[in-house]
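Hi,

Here is the structure I promised to pass on.

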Amino acid sequence: MSAHANLERRRQAIYGWLLLSPAAVLLTLFAFYPSIATLWSSMFSRGTRRRPSEFVGTENYADLFADPTFWIVVKNNLLYAGVTIPVSIFIALSMALWANSKISARGFVRTAYFTPTVLPMIAAANLWLFFYTPGLGVLDQIGSLFGLPSVNWLGQPETALWAIIIVTIWKEAGFFMIFYLAALQTIPEDLKEAADIEGASRWTYTRRIVLPLLMPTTLFIAVNAMINSVKLIDHLFILTKGGPSDASKLILYYIWEMAFAFFDAPSAAAMTIMVIVVLGIVAAIQFFYLDKRTHYQ
Amino acid sequence: MKGLIKFLDSFGAILLAIIWIAPLLFAFWAATHSTSDAVNLNLFSAWTLENFRVAWSGAPWLKYFINTFLLVTVILIGQFILTTLAGFAFAQLQFPGKDFVFILVLMQLFILPEVLIVENYAMVSRLGLFDSTLGVGMPYMASAFGIFLMRQSFKGVPIELHEAARIEGCGLLGILWRVYVPLAKPTYLAYALVSVSTHWNNFLWPLIVTNSPETRPLTVGLSIFGAPENGVDISIISAATLMSVAPLLIAFLIFQRQFVQAFLRAGIK
């Protein structure tokens, strides 16, 4: 009997590893090995024809910390995250509350909110280019109706990053809305009725009942928005290319530029490692801390 | 009072909706009018399809469309095969090292392929896949997200069905193919919609790995077409943009409900 059980266990182990192997090979090739290789190459100097690359320890990191552009980029990305995350969550929540209430033209409203989600970021950037172009763009045309001077939204350091931020919010809010929408539909009707009987105002009902019940969804969306604030950079290629004078440059764009425009792979690797560490901390916080605090069952 | 609040609600919702699709509407407007009419917002000017004709002849769009289509197909097939096998192993088989490997897979959810562009580029070149559709697609095939999704879906299959098929003499792969895969159809559909729209829209990685019109997908083609160095005007860029988003946008408008359901199913763990 135990021989049979043993055989079965062995069979399952063999099958298990066989079934896993294709995925394991690709994950190793394109996730695990590259992560370790990135860490490794971040500790070597940039090889030139005269001087081959050699081990330099943390020198690449020290160089980055001494690089003023790096700090501008970090500051930009923090602002980018700090604005896009809360604003798109707030707009997504408003959209969901509206799209879930009994208003006229609800179908149209839902479609309109969600449509940007299916567009590529590159296309979104092209659409917004028409808004931002100085003189000819829609924003300037509207401004000139009120006698406002022409503004080069993408061409001046004060506004370039904000122009980028607006496109990101426009792109992701509708996507986040559907998660709220789904969560809203699981809230039982009786709660609304009970609140009405108690004479609670709509505001009280929303703040005291709906928002707490939406907390797990908000967390899920916040993590997604945080990941997006690292990876949504495609529109930079069309709208600003990180300029003017680095005013709208974000980390991933800078990594790309370092590696594929300046051919400085070690610096790119050092920055990549820092991004991975930050993402890892976010993941750890989500897994070990917040997940426990937002379950009500 | 109630009526007023309801009116304000509808008003706010519709106003936001109009703001939200305004960029698309303006692009449509610009694409169907001559450049000077478009920028002057001349409401009574003549409609034209000239911009689409100019845009279409300005780049090998048909090739780009085919490339994107091939790319999303290759990725989807690869993902289906890999995530089905791995998801099944994680969901229904017991073997040593399973939990450890599963944690490794979950880690990949946070190490985004986008962040590893430099080393992945080196890897693709090493494998001789630079500037090929397979090279663009390969890093996405063993999607941790997909493995997780399939595992969840397979875990929901009643064990009785598994046992019944085994008693009938079905092998393990037979059970997977005849019992688990058919029951997970909605998950496959949801995953397919999410995967196709993600990779139809992906830009940074294809930009790095492709180097010729032979493999370039639409997004990269569009960014090159619209580059300021090419001096293309706004009406023609709008026409090109609308052309390249049209297939996905039309599909979305037709299958809206399924799309939204798909994103939901994929997003909620």
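What follows is a short tour of the aromatic rings.

A bit of background: this is a predicted model, where local features need pLDDT of at least 70 and side-chain atom pairs count only at pLDDT 80 or more, while totals for chains, interfaces and linings use all residues. Residues are numbered from 1 along each chain as its sequence is written, chains are lettered from A and ligands numbered from 1 in the order written, and side-chain values use heavy atoms, without hydrogens and water.

Rings of Phe, Tyr and Trp (its six-membered ring) pair if their centres lie within 6.5 Å; planes under 30 degrees apart are stacked, over 60 edge-to-face, and the rest tilted. That gives 34 aromatic pairs over all chains. One of them is W128(A) with Y132(A), a tilted pair at 5.7 Å between centres and 35 degrees between planes. Both sit in helix α5 (residues 121–132) of chain A, 4 residues apart; helices are DSSP runs of H or I, at least four residues, numbered from the N terminus. W128(A) is buried at 9% relative accessibility, and Y132(A) is buried at 2% (buried is under 20% relative accessible area, exposed over 50%, partly exposed in between, with a 1.4 Å probe and protein chains only).

Over in chain B, F7(B) and F11(B) are stacked because their planes are at 25 degrees, with centres 6.1 Å apart. F7(B) is exposed at 51%, and F11(B) is partly exposed at 48%.

Cheers

Key
Helices (H or I, at least four residues) and strands (E, at least two) are DSSP runs, numbered from the N terminus.
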